[in-house]
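Please view the sequence and the structure before reading on.

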Amino acid sequence: MKRLANLKIDPGEVDAVLRDLVAIPSVNPAFAGGTGEAGVAAYAADYLRRNGALVEEQPVLPGRSNVLGRLPASEDGPMLLLEAHMDTVQTTGMTVDPFAGRIEDGRLYGRGACDTKASLAAMLVAVGTLGRSGGSLPTGVHLAAVVDEEVEYRGVSVLAGAISAGRLRVDAAVVGEPTELHRVVAHKGCVRFHIEVRGMSGHSSEPAKGINAIQSMAEVLSFLRNEIEPGYEALRHAWVGPPTHCVSEIVGGDAPNTIPGFCRVTVDRRTVPGEDPLAVRAALEERLHGLARRTPGLSLTVGKPFIVDYAMEVDPRSPIVRRLEAATEKFAAGKRNLGAAYGTDASKLARVGVPTVVFGPGSIAQAHTSDEWVSLAETRTAAATLLDLIVHYREDEET
Ligand SMILES: [Zn+2]
């Protein structure tokens with residue numbers, strides 16, 4: 001194993017791969033100017049092939065495929081999965097050139113630099129370095145570059161489907177997102193749905209002759225704040241804190257001089273590990289119907305969920321977390337296990353039984369921003385850490 005243990009990341013290669021990835025637009029087609037991920041997928045497939053990995057495409061949607069690169073393990077050793085999404089959000093309103101990959105003061109600027117092309121670059125170079133060494137690997141690795149994380153998670157869903165169907169053997173996974181090289185061992189899930197209130201329209205000069213749907217919605221909103229929210233503290237989770245909700249959109253009313261007959265809000269409810277998003281929505285529906293029964297004139301409907309995502313957590317004593325911790329300590333001491341309020345692809349892998357930790361260079365504070373950037377030093381450190389993780393994963397397992 002000496003030869004593998006001596007492998008080093010080439011920092012210049014990490015910078016170059018990151019710059020290449022940022023230069024290829026991969027805006028999710030759901031957003032303005034969406035080009036899709038095909039360009040980045042072709043780049044990743046080519047890089048992996050040139051560096052000795054076995055590459056396959058996993059079709060997800062027309063023209064949108066995940067790329068899988070594999071370095072097999074010798075003697076049936078464990079298989080790690082390194083997963084990062086290829087899509088980005090829109091470039092509208094950006095104050096830096098989204099695709100130039102300008103480097104200044106150790107930062108690389110551009111759309112997706114931080115979320116999450118730096119993670120993808122670190123993973124590619126870690127796997128590429130191992131692949132071209134030609135060494136026999138006690139622990140094998142799948143690199144999965146997936147589509148559609150920013151919208152409906154359809155890339156990772158297909159990947160998770162292959163794992164649960166037994167077509168892909170995976171013992172543990174690292175999902176690349178900007179965590180500043182901390183280890184996210186738990187994150188929240190979410191369920192989003194509408195609440196609609198029906199009133200009775202009429203001339204606004206005689207408001208008593210109608211039922212004002214906006215006024216009724218005000219009752220619903222104060223119920224959410226005063227009756228529902230206080231219950232969240234009792235559900236507090238050690239890593240991610242209590243559940244939350246945000247009333248994120250509202251529409252209602254027809255004209256300045258008409259009693260509004262309709263009002264609708266969107267609720268974004270964030271769940272903690274252990275909560276089932278569907279059960280959470282159903283329980284809230286129950287409570288709101290109770291409110292409607294005792295409030296004269298209030299008629300409401302709670303819509304079906306249009307986004308459901310589970311929360312996730314991984315045991316901090318599991319080999320993937322402990323080994324990643326040991327690797328991180330070598331290159332970036334002092335990084336911690338953390339919980340996160342946002343969601344990632346990790347929950348979809350956790351749902352099919354894969355112990356998964358979220359880890360990557362960059363800060364979530366720079367994700368989706370008008371001057372998105374990532375630290376090159378942190379991206380190189382991530383690559384070195386991931387290489388170390390794969391090389392030493394099995395040693396830890398056996399101790
Ligand atoms: Zn991301």
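The sections below cover the model, a pair of helices and a strand with its partners.

## The model

This is a predicted model, in which local features need pLDDT of at least 70, side-chain atom pairs count only at pLDDT 80 or more, and totals for chains, interfaces and linings use all residues. Residues are numbered from 1 along each chain as its sequence is written, and side-chain values use heavy atoms, with hydrogens and water left out.

Helices (H or I, at least four residues) and strands (E, at least two) are DSSP runs, numbered from the N terminus.

## Helices H3 and H4

Helix H3 (residues 38-50) packs against helix H4 (residues 113-133) at an angle of about 20°, and their axes are 10 Å apart. Axes are lines fitted to C-alpha atoms, for helices over the stretch in contact, and angles run from 0 to 180 degrees between N-to-C directions. H3 and H4 are therefore roughly parallel to each other (angles under 35 degrees).

In the contact (heavy atoms within 4.5 Å), H3 supplies Val-40, Ala-44, Tyr-47 and Leu-48, while the residues from H4 include Lys-117, Leu-120 and Arg-132.

## Strand S6

Strand S6 (residues 140-146) is largely enclosed by the rest of the structure, because 7 of its 7 residues are buried (under 20% relative accessible area, 1.4 Å probe, protein chains only). Gly-140, His-142, Ala-144 and Val-146 lie on one side, and Val-141, Leu-143 and Ala-145 on the other.

S6 pairs (at least two DSSP bridges) with two strands. Strand S2 (residues 64-71) runs antiparallel to S6 and is joined by 5 bridges; Val-67 has Ala-145 as its bridge partner. Strand S3 (residues 79-85) runs parallel to S6, with 7 bridges, and Leu-81 is partnered with His-142.

Technical notes. Parallel < 35°, antiparallel > 145°, perpendicular 65-115°, else oblique. Buried < 20%, exposed > 50% of the residue type's maximum accessible area, 1.4 Å probe, protein only.
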